[in-house]
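This report goes through selected strand pairings, ring pairs and salt bridges of one protein model.

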Amino acid sequence: MRWVAKLIASVLLLGGLSIAVLIVLLQTRYATPLINHTLATFSHYQLAETQLHYDIKQPLQFSLQPLTVKKENKTLLSVHSITLKLSSRSLQTQHLAFSNVIIDGIDLHHQQWDKFEHLPAFSIDRLVINNLSIATPAITINRAQLQIDNWQYSDHQQPWWQQFSGKFQLNAPLITWHNQTLENLLLNGTKQKQQWQLAGFSGKWQQADFNGIADYNSDTQLLTLDKLTLINFRIQQSQPLLTWSQWLADATPVHHIRIKRADILDSSIEQPHWAADDINLSLENWSWPDSFWQQDNAHLSVSASYAKWHDIVLEQPIVELNFMPEKINSQAISAQLLNGSMHMDGEISPDKIKLKKLKMSDIKGFLPPQWFHTAKTLTSGLSELTIDKLDINNIQLTSTNTQLPFQLAGIYIDGNDVVVKHQYQWGLWQGNLDTSLGFASINQIVFVDPILEMTSFNGDWVIDKFILPFTDGMLTADANIQLAQQGQPWSLSISNDSVPAALIYRWFKLPLPLKGKIDGTIHAQGLASNRQSFNYSLSGQTALTFRDIHLDNIAPTQLLDNWKTKGKLFGMVLDNNKENSDSHTQALTLSPLNINAERGKITIPTWLASNDNFSLSLTSHWDLAIPKQQQLEWVLKENCQQVEHRWHADQTEVNSFSTCSGKIK
């Protein structure tokens with residue numbers, strides 16, 4: 001057995017001598033050729049322009065400075081320096097293991113990785129990369145520092161930055177990621193299998209400082225923001241917020257975001273249809289990409305110094321909202337608006353608004369040009385609108401709409417338990433509503449202190465009092481409509497005493513401008529459930545008399561010229577040149593106007609307005625339900641000039657001729 005002992009001793013001696021020789025060689029000029037020879041034996045790579053540094057005092061550590069890796073005389077990788085420290089585990093495992101690797105100064109491009117062959121498995125307990133620069137089509141990083149614990153390279157198909165489990169830290173002065181720029185980015189966290197936990201992150205984006213805590217699961221692609229703070233956030237019109245959802249889908253492997261707490265402070269946002277300054281926003285328990293109707297117990301709190309939505313400017317708006325599935329609870333919405341204030345709270349669902357309180361005070365301003373269309377569009381999807389307490393005080397509104405300009409001042413509205421829209425139909429379905437005005441002017445017709453009082457119980461809507469005081473006259477009315485009954489029967493009674501005759505042109509758009517007074521009554525009833533029911537059911541009587549009537553600032557000749565136009569008579573804008581009108585308005589005698597309606601058939605016996613050299617007559621038999629039986633004729637005469645305007649079954653005919661010459665035009 002002595003030969004066995006001699007053999008073992010010889011092997012150990014030769015091994016020891018080999019190691020000693022290797023250590024000595026690593027400290028000489030032969031170190032680099034030795035490394036190249038080893039690489040050439042086991043791979044196709046070579047080292048160029050490289051110096052190896054080795055110290056016997058640290059037998060498992062060596063450095064290469066600089067390091068250039070080539071393949072077939074083509075440079076694949078350049079590093080300013082790299083220090084590697086082998087781990088003792090390398091003697092116990094079948095792959096290389098390093099306890100520390102420090103790389104300084106490396107530029108990586110996505111094309112480089114494709115040129116490397118499959119590397120053997122290896123592990124690094126701690127990898128540190130200083131002055132790291134990365135350039136790919138998706139991301140650019142400059143002069144970053146990266147630290148990763150427990151990096152284990154084993155799968156060439158998995159990105160290198162995912163093959164670790166442990167702590168990591170990234171510090172980058174500048175990153176460009178899918179056209180978004182981040183400055184002074186710091187990420188500090190841990191990774192365990194598919195779970196990434198960011199104990200802290202911070203940086204600068206869109207001029208805003210941000211920081212927070214988050215975690216991400218790459219299996220479920222769920223990002224959870226435990227905390228996010230943005231300070232001095234700035235967004236312009238050129239950066240639409242609606243495009244960010246698509247950006248997240250394209251730029252990140254994130255399909256779902258859960259926001260436990262997010263704060264946006266001292267920020268400004270400007271978008272095509274809205275803007276706000278000095279925003280302070282707090283959002284809790286929000287889930288993206290779920291809509292606000294799909295949130296479960298989320299909370300939003302917003303305040304700003306200034307906000308604008310379309311043409312509406314708000315000062316000091318405050319919003320407090322709680323989000324539940326298919327429901328939003330408003331704890332408080334308030335703002336300074338048009339020199340006044342507004343406050344409301346209640347509940348909003350996709351097709352219903354139920355307000356506990358709506359209060360508006362001292363608002364004074366001009367309505368935007370398309371205010372009615374905008375309001376109609378915004379409320380078209382509502383099936384229900386209820387207000388428990390409506391309190392409107394001292395409101396002044398002005399509309400410059402050329403069709404019907406108006407100014408309303410001193411508006412007061414008091415409502416209790418009102419339902420103003422039900423089953424998609426407007427009307428007072430329930431509650432009490434009292435309205436008054438201090439002053440009003442509607443298309444140059446002035447009235448003072450009008451009053452409207454109405455009540456409704458279970459859809460039985462009653463206008464108890466309607467008083468419209470003009471400068472020298474008054475109109476009173478009462479009405480009833482049973483909204484909940486089949487067909488919705490209604491009735492209306494109006495009494496006129498010295499009502500201004502200018503209403504004919506100013507309000508009802510008939511091109512006959514008159515001065516004077518109208519007395520009389522109107523009684524009507526029918527069904528209102530739809531247009532067809534109305535057309536077949538309208539019945540009633542109108543009896544009007546006229547006093548002190550004059551043409552208003554227009555000469556008969558001008559009136560004649562305007563009426564020659566073929567088209568709609570109602571709504572015609574008259575071209576009345578004051579310089580050519582008579583120096584004194586012409587007095588007219590008007591016969592009483594009696595209109596009878598019976599189940600949609602309206603009859604107007606000949607009505608005449610005339611003086612010595614001017615006359616106007618109206619005759620009509622009009623069936624609302626049957627267009628072929630709709631006939632109306634206006635005949636206007638001035639001296640020997642005559643215009644006949646006829647409508648029959650959707651056809652319009654205009655004839656103008658002179659009784660002096662007999663010529664028809």
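The text below takes the strands first, then the aromatic rings, then the charged pairs.

This is a predicted model, in which local features need pLDDT of at least 70 and side-chain atom pairs count only at pLDDT 80 or more, while totals for chains, interfaces and linings use all residues. Residues are numbered from 1 along each chain as its sequence is written, and side-chain values use heavy atoms, with hydrogens and water left out.

**Strands**

Helices (H or I, at least four residues) and strands (E, at least two) are DSSP runs, numbered from the N terminus. Two strands pair if DSSP finds at least two bridges between them.

Strand β4 (residues 67-71) is largely enclosed by the rest of the structure, because four of its five residues are buried. Strand β1 (residues 46-48) pairs with β4 in the antiparallel sense over three bridges, and Ala-48 has Thr-68 of β4 as its bridge partner. β4 and β5 also run antiparallel, joined by five bridges. Here Thr-68 stands opposite Ser-78 in β5. The two strands β4 and β5 form a hairpin with two residues between them, and Glu-72 in the turn has a positive phi of about 55 degrees.

Strand β5 (residues 74-86) also holds Ser-81, which is buried at a relative accessible area of 16%. Apart from neighbours within four places in sequence, Ser-81 is in contact (heavy atoms within 4.5 Å) with Leu-64, Gln-65, Ile-102, Ile-103 and Asp-104. Ser-99 lies in strand β6 (residues 96-109) and is buried as well, with a relative accessible area of 17%.

**Aromatic rings**

Rings of Phe, Tyr and Trp (its six-membered ring) pair if their centres lie within 6.5 Å; planes under 30 degrees apart count as stacked, over 60 as edge-to-face and the rest as tilted. The structure holds 14 aromatic pairs. One of them is the stacked pair of Trp-490 and Phe-534, at 6.1 Å centre to centre with 15 degrees between the planes. This pair links distant parts of the chain, with Trp-490 in strand β32 (residues 489-500) and Phe-534 in helix α7 (residues 531-537), 44 residues apart. Trp-490 is buried at 15% relative accessible area, whereas Phe-534 is partly exposed at 29%.

Ring pairs also link Phe-164, Phe-168 and Trp-196 into a cluster. The charged end of Lys-191 sits over the ring of Phe-164, 5.5 Å from its centre; this term requires NZ of Lys or CZ of Arg within 6 Å of the ring centre and within 35 degrees of the ring normal.

**Salt bridges**

A salt bridge is a side-chain nitrogen of Lys or Arg within 4 Å of a carboxyl oxygen of Asp or Glu. The structure holds eleven salt bridges, including those in the table.

| Pair | N to O distance |
|---|---|
| Lys-260 and Asp-226 | 3.2 Å |
| Arg-261 and Glu-284 | 3.4 Å |
| Lys-389 and Asp-414 | 2.9 Å |

Lys-389 in strand β24 (residues 384-399) and Asp-414 in strand β25 (residues 406-422) are 25 residues apart. Lys-389 is partly exposed at 30% relative accessible area, and Asp-414 is partly exposed at 32%. Salt bridges that share partners join Arg-261, Asp-263 and Glu-284 into one network.

Notes: Buried means under 20% relative accessible area, exposed over 50%, partly exposed in between (1.4 Å probe, protein chains only).
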